[in-house]
Amino acid sequence: MLFIALAVLVGTSSAAYAHSGRTDKNGGHKCSAKSKQKGLCTGYHYHKKKK
């Protein structure tokens, strides 16, 4: 029973995207200098899917 409950919970959970916040109304932001130095991004980018 526990296994079934766990399977249902995992199967219905939503995906979590790691981000510190501070996004604008479009769900994006400019990369910080630190992120650019690490090669994580190059400019403005989005963190949520556009509709």
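The following exercises, each with a worked solution, concern a predicted model of a protein.

Residues are numbered from 1 along each chain as its sequence is written.

**Exercise 1. State which secondary structure elements the protein has and in what order they run.**

Step 1. Helices (H or I, at least four residues) and strands (E, at least two) are DSSP runs, numbered from the N terminus.
Step 2. The protein has two helices and two strands.
Step 3. Their order from the N terminus is α-β-α-β.

**Exercise 2. Determine where confidence is lowest and where it is highest.**

Step 1. The predictor's confidence in each residue is its pLDDT, from 0 to 100.
Step 2. The average for the protein is 76, and 71% of the residues score at least 70.
Step 3. Helix α1 (residues 2–12) has the lowest confidence, with a mean of 77, and helix α2 (residues 33–38) has the highest, at 87.

**Exercise 3. Decide whether Phe3 is buried or exposed, and identify the patch that holds Phe3.**

Step 1. A residue is buried under 20% relative accessible area, exposed over 50% and partly exposed in between (1.4 Å probe, protein chains only).
Step 2. Phe3, in helix α1, has a relative accessible area of 66% and is therefore exposed.

**Exercise 4. Locate the disulfide and describe the burial of Cys31 and Cys41.**

Step 1. A disulfide is counted when two cysteine sulfur atoms lie within 2.5 Å.
Step 2. The sulfur atoms of Cys31 and Cys41 are 1.9 Å apart and form a disulfide. This pair links distant parts of the chain, 10 residues apart: Cys31 is in the loop between β1 (28–30) and α2, and Cys41 is in the loop between α2 and β2 (44–46).
Step 3. Cys31 is buried because its relative accessibility is 10%; Cys41, at 16%, is also buried.

**Exercise 5. Describe the surroundings of Tyr44.**

Step 1. Tyr44 belongs to strand β2 and is partly exposed, at 38% relative accessible area.
Step 2. Contact means heavy atoms within 4.5 Å. Apart from neighbours within four places in sequence, Tyr44 contacts Asp24, Asn26, Gly28, His29 and Lys30.
Step 3. Tyr44 and Gly28 are 16 residues apart in sequence, and their C-alpha atoms are 6.8 Å apart.

Technical notes. This is a predicted model: local features need pLDDT of at least 70, side-chain atom pairs count only at pLDDT 80 or more; totals for chains, interfaces and linings use all residues. Side-chain values use heavy atoms; hydrogens and water are left out.
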